[in-house]
Amino acid sequence: MTRFARWPVATVSLGIGAIAGLFAQQELLGQPPAIAPVLVANPPPLPRDWMSVAPVVKQVLPAVVCIEGQGRANVPKFEDFDAGFGSGVLIDSTGVVLTNHHVVAETDSVEVTLQDGRKFISKDIRRDPKTDLAVVMIAAKEPLPFAVFANSDAMEAGDRVLAIGAPFGLKGSVTQGIVSAVGRRDLNLNLAEDFLQIDAAVNSGNSGGALVNMEGKLIGLTAAIKTRTGGFQGVGLAVSSNLAKPVAEQLVQFKAVRRPYLGVAVREMDDATATRNKLKPGTGVLVTGVTAKSPAAKAHIGVGDVITTVNAVPIFSSNDLQKATLGLPLAKAAEVIVVRNGQQFQTFAQAEEKLDEYVPPQRVEARPAQTIDFKSVGLSVTELLPQVATGLRMPAATRGVVVTNVVRSGLAERSGLVRGAVITRVDDAAVASVDEFTQAVSRANRDKGAVLHVLRPNGETDFVILRGQ
């Protein structure tokens, strides 16, 4: 009896001991005792802007337009007509539409369609090919919705963005993504570059559309994609607002862009030219043309010189020189390091302000010409007649020979000569006839190569080294 009476006491003692041991174990392990969840019958809904970007889209969408070309300026005879199509952004209530230059390239007029269906025809198209930007002015009877610029330099990789445009003609399309990278400036798409890289989907027709931050402000203009298939593959590019805004303001005010300039035309260095100037390959840029009375001419920079630095900034490409020039002060001389015939010297050039006006390309018709067969180098040339020079948009007094045929895979083709090139000099000898050209090339040292001075239609001189095997 007494024995069985003790079992309940023992059982209670064991239970208390187990519970005490559990709490002691939790305390030893550093874990607080579990707290039972509190259930709420009707939880409050999350704010809409946590789940959707619709408020941002509603703010920006009315300012995004579709642009369709109505005609192409200077359409070459027998060329297929293909009007452009893309997007644009209203940046002022008076009807200023910002877009990409390639959307309106060579068009006589464009049709601008707003999100509410209103259409405007405009012939007032102001272009800046150097940044791939353009402005279309439309006339409206009442103020129009517009997007507000933001500081693109404040964007960082990882920031959320929206791209709004008309891919494949689908008006008012919105895609979402993040900034993948900032400050892309070495893509060689334009002479002056500052791209934001994004992963928001953009396709054909998005060009000129809005790239906005989560405040609905314009931080870029969608412009291009990197692709191997022709469609979007996760790498989109947008011209930054900090580049686009000042260009747009100048196009509105001056119908062109005012920029510092030195007055030189250049190209990248090839290995042979670098060796002739005792430079490492890729160092500096070769001067192929100097504008008369320009800052470069006043600084005694000449054709054939190599510019290696500007104001202590190393120059490796024409894009580097372009960016360095754009940053030059207008009232102060800039130090320019030049290499001439392997000898380095210092000069100073004071950049001047130049109005970059857009000149539409013109069609050049071919002219029949007699040819000779210069078999040793694989090309044929003929004398540059005054009427041929005029047809090539060169002064009638220009003297030289015109390349009329280049043998495929021959020495001339491998050296970079193409049909239609005008050769004015071989090394230091001027050539104005077929005989002079043939004799000058024959006199050249085939190991070192003959330096051909090739004149472009815009007056710039390029250099081709014709080297024997």
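Q: Which residue stands opposite V239 of β13?
A: In this predicted model, F195 stands opposite V239 in β13. V239 is also the bridge partner of L221.

Q: What makes β10 and β13 a pair of strands, and in which sense do they run?
A: Two strands count as paired if at least two bridges are found between them; β10 (residues 195–198) and β13 have 4 bridges, so they pair, in the antiparallel sense. By that criterion β12 (residues 218–225) pairs with β13 as well, over 5 bridges and again antiparallel.

Q: Why is β13 called largely enclosed?
A: A residue is buried when its relative accessible area is under 20%, and 5 of the 5 residues of β13 (residues 236–240) are buried, so the strand is largely enclosed by the rest of the structure.

Q: Which strands form the closed barrel, and in what order?
A: The closed barrel has 6 strands, in the order β8-β9-β10-β13-β12-β11, with antiparallel pairing. The twist averages 45° from one strand to the next. Helix α5 (residues 241–254) packs on the sheet, where it touches β12 and β13, and its direction makes about 45° with that of β13.

Q: How do you know that the buried residues of α11 line one face of the helix?
A: The buried residues of α11 (residues 434–443) are V434, F437, A440 and V441. Seen down the helix axis, they fall within an arc of 135°, so they line one face. The face turned away from the buried side carries D435 and R443, which are exposed.

Definitions and conventions
Residues are numbered from 1 along each chain as its sequence is written. This is a predicted model: local features need pLDDT of at least 70, side-chain atom pairs count only at pLDDT 80 or more; totals for chains, interfaces and linings use all residues. Side-chain values use heavy atoms; hydrogens and water are left out. Buried means under 20% relative accessible area, exposed over 50%, partly exposed in between (1.4 Å probe, protein chains only). Helices (H or I, at least four residues) and strands (E, at least two) are DSSP runs, numbered from the N terminus. The arc is that of the directions from the helix axis to the C-beta atoms. Axes are lines fitted to C-alpha atoms, for helices over the stretch in contact, and angles run from 0 to 180 degrees between N-to-C directions. Contact means heavy atoms within 4.5 Å.
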